[in-house]
Amino acid sequence: FNVALSLVLFRFIAKPCAINLGIQDSGPHRAQPNAILEKVFTSITKSPDGKRLEGLSKQLDWDVRKIQRWFRHRRNQDKPTTLTKFCESMWRFTFYLSIFFYGIRFLWTAPWFWDTRQCWYNYPFQPLTSRLYYYYILELAFYWSLMFSQFTDIKRKDFLIMFVHHLATIGLITFSYMNNMVRVGTLVLCLHDASDFLLEAAKLANYAKYQRLCDAFFMLFGVVFIVTRLGIYPFWILNTTLFESWELIGPYPSWWLFNGLLITLQILHIVWSYLIIRTAYKALMRGKVSKDDRSDVESSSEEEDVTSNSTKGVFSTSSNGSNRINGHVASSQWTEE
């Protein structure tokens with residue numbers, strides 16, 4: 001269902017929007033056809049070392065820089081186009097925004113939203129309503145899709161962090177459902193959805209070349225992310241799972257695993273918050289958000305080769321993921337995925 005819905009949105013909503021915004025379905029500069037280099041690229045390595053470059057230079061009578069440029073273009077050739085990335089971000093934006101408002105509407109009338117001690121009264125004999133069930137199933141299906149797509153997308157520098165995040169999230173959703181900890185589970189899900197749609201909105205603005213709007217959404221995302229993940233999450237969620245649950249029902253057998261997963265998420269929150277703050281600082285210093293260190297489109301000129309190390313930013317959240325917290329940022333290509 002998830003895949004079918006995303007395909008419908010791609011074709012009938014996201015793609016027409018992208019075209020109206022002037023986003024072209026064209027990828028990076030294509031590499032010059034060369035049978036020898038293509039064989040090395042497909043059969044041996046996509047990033048040849050110095051020794052192999054020297055050998056290819058002698059074999060082809062090409063300058064080493066020209067061969068490096070060819071491999072760079074060839075790697076970029078397989079990357080998704082801006083239009084594809086726009087459509088993917090619109091799908092994630094639509095899902096995150098919809099599921100967040102669904103969660104808020106559902107939790108607004110839930111007693112445990114206002115008093116977290118209600119998460120543990122009469123545990124584990126708490127009813128599972130249909131609205132709560134569908135909320136869980138939709139979230140679980142979406143995170144499974146992110147998990148699988150991470151292996152088919154371009155591998156990024158935050159691959160391991162995002163893999164751990166998806167694994168911990170799926171583990172928490174499944175584990176809390178099996179142990180009927182769905183009340184506190186809904187709080188965790190809703191809190192994590194609060195900032196994700198803002199990140200995807202920033203990406204959409206970047207792909208459409210609305211730089212100021214892109215930066216504004218990113219800054220707003222950073223504020224919401226830090227407030228929810230470093231403020232509300234530990235003092236509201238972890239407080240009830242670590243202390244209130246211990247007080248009301250005692251250290252149940254799965255208490256250690258459940259809280260271990262929640263603490264793992266908190267560690268990831270700290271890492272990402274640091275990266276967000278670093279990127280925001282660089283943005284203030286330069287007047288715009290800097291390029292993401294994990295951008296999937298490499299520099300295509302010799303000049304960029306020299307300056308890229310000094311101009312790259314560092315923030316990333318979900319890849320397709322992702323970013324991921326698929327997932328995920330670069331502007332003035334910081335949201336390039």
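**Close-up 1. Glu200 and Lys203, a salt-bridged pair in a predicted model.** Glu200 and Lys203 are both buried. This is a predicted model, and here the two side chains form a salt bridge, with the closest N and O atoms 3.6 Å apart. Both residues sit in helix α9, three residues apart, or about one turn of the helix. For context, the structure holds four salt bridges.

**Close-up 2. Arg229 meets Asp196.** Here's another salt bridge, this time with the closest N and O atoms 3.5 Å apart. The partners come from distant parts of the chain: Arg229 belongs to helix α10 and Asp196 to helix α9 (residues 182-207), 33 residues apart. Buried or exposed, these two? Arg229 is buried, and Asp196 is buried as well.

**Close-up 3. Arg117 reaches Glu247.** In this salt bridge the closest N and O atoms are 3.2 Å apart. Arg117 lies in the loop between α6 (111-114) and α7, while Glu247 is in helix α10 (residues 211-249), so the pair ties together parts that are 130 residues apart in sequence. Arg117 has 24% relative accessibility, so it counts as partly exposed. Glu247 comes in at 53% relative accessibility and therefore counts as exposed.

**Close-up 4. Glu139, buried without a salt bridge.** Look in helix α7 (residues 130-152) for this one. Glu139 is buried but has no salt bridge.

**Close-up 5. Helix α8 crossing helix α11.** The axes of α8 (residues 159-178) and α11 (residues 255-286) come within 10 Å and cross at roughly 145°. The crossing of α8 past α11 is left-handed. On the α8 side, the contact includes Ile161, Met162, Val164, His165, Leu172 and Phe175. From α11, the residues making the contact include Leu257, Phe258, Leu261, Thr264, Val271 and Trp272. Sorted by class, the contact between α8 and α11 has 14 nonpolar residues, five polar ones and no charged ones.

Technical notes: Residues are numbered from 1 along each chain as its sequence is written. This is a predicted model: local features need pLDDT of at least 70, side-chain atom pairs count only at pLDDT 80 or more; totals for chains, interfaces and linings use all residues. Side-chain values use heavy atoms; hydrogens and water are left out. Axes are lines fitted to C-alpha atoms, for helices over the stretch in contact, and angles run from 0 to 180 degrees between N-to-C directions. Helices (H or I, at least four residues) and strands (E, at least two) are DSSP runs, numbered from the N terminus. A crossing is left-handed if the near helix is turned anticlockwise from the far one by less than a right angle, and right-handed if clockwise. Contact means heavy atoms within 4.5 Å. Ala, Val, Leu, Ile, Met, Phe, Trp, Tyr, Cys and Pro count as nonpolar, Asp, Glu, Lys and Arg as charged, and the others, Gly among them, as polar. Buried means under 20% relative accessible area, exposed over 50%, partly exposed in between (1.4 Å probe, protein chains only). Lys and Arg count as positive and Asp and Glu as negative; His and the chain ends are not counted.
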